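Hi,

Here is the structure I promised to pass on.

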Amino acid sequence: MPITARSVRLLTPLAALVFLGLALLIRAVDDGALRQYSGTALYASMVWSAALFIRPQTAPVPAGIVATVFCWVVEIAQLTGVPAALSARSLAARLALGVQFDSVDLAWYPAGVVPLVVLHHLVRVRQRRTASTPDRPAELIPGGTG
């Protein structure tokens, strides 16, 4: 089954929900470093999903770069205090923008994106390989008639 822009637009919100669910599960069972850093990585995974939702045809590396840079910009913006002020008024802003800068988060964003870039690349390679393989005659297909 070919992967189309439509299928990407259907699958990326589901992927984001899986990442969110995983983050919430970890949050429920851990209150230490795993909670903090997995949340950061999974936030970046959700941003990657959003980047592909917006532009489904984006290649893996550019999608990963966009997601990582977006996360870095949000993290660096925390140095201004604006996200903290918005977060004080809104839970949604707190979840999306965070509250305070943490330089360690800058390394965890790529940790949430790189595995998805690799998976995305492998799916595209497989799809290209499948698309370029000529159809085999039915008699050569196991279980085929001919």
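**What lines the largest pocket**

The lining of the largest pocket is made up of 13 nonpolar, six polar and six charged residues. Here Ala, Val, Leu, Ile, Met, Phe, Trp, Tyr, Cys and Pro count as nonpolar, Asp, Glu, Lys and Arg as charged, and the others, Gly among them, as polar.

Before the rest, a word on the source. This is a predicted model, in which local features need pLDDT of at least 70 and side-chain atom pairs count only at pLDDT 80 or more, while totals for chains, interfaces and linings use all residues. Residues are numbered from 1 along each chain as its sequence is written, and side-chain values use heavy atoms, with hydrogens and water left out.

Back to the pockets. The largest pocket holds about 950 Å³ of space, and R27, G39, R94, L95 and G98 are the closest to its centre among the 25 residues that line it. A pocket here is an open set of points on a 1 Å grid over the protein atoms alone, where a 1.4 Å probe fits, with protein on both sides within 12 Å along at least five of seven lines; lining residues have an atom within 4 Å of a point. Grid points are joined across faces, edges and corners, and the volume is the space filled by probe spheres set on the points. At least two lining residues come from each of α1 (5-29), α2, α3, α5 and α6, with α2 giving the most, seven residues. The helices are DSSP runs (H or I, at least four residues), numbered from the N terminus.

The second largest pocket has about 480 Å³ of space. Its lining counts 21 residues, and I3, V8, L52, H120 and V123 lie nearest its centre. Helices α1, α2 and α6 each supply at least two residues of that lining, which by class has twelve nonpolar, seven polar and two charged residues.

Next, α3. This helix runs over residues 60-77, so 18 residues, and spans 26 Å from first C-alpha to last, close to the 26 Å expected at 1.5 Å a residue (1.5 Å times one less than the number of residues). P60, A63, G64, A67, T68, C71, V74 and E75 of α3 are buried, that is, under 20% relative accessible area, with exposed meaning over 50% and partly exposed in between (1.4 Å probe, protein chains only). What do the buried residues of α3 pack against? They pack against α2 (33-54), α5 (91-97) and α6 (105-132), where contact means heavy atoms within 4.5 Å.

- T12 is in helix α1 and is buried at 7% relative accessible area. Apart from neighbours within four places in sequence, T12 contacts S49, L52 and F53.
- V99 sits in the loop between α5 and α6, partly exposed at 31%. Not counting residues up to four places away in sequence, V99 touches Q78, A84, S87 and R94. V99 and L24 are 75 residues apart in sequence and 18 Å apart, C-alpha to C-alpha.
- A111 belongs to helix α6 and is partly exposed, at 36% relative accessibility. Its C-alpha is 16 Å from that of H121, ten residues apart along the chain.

Cheers
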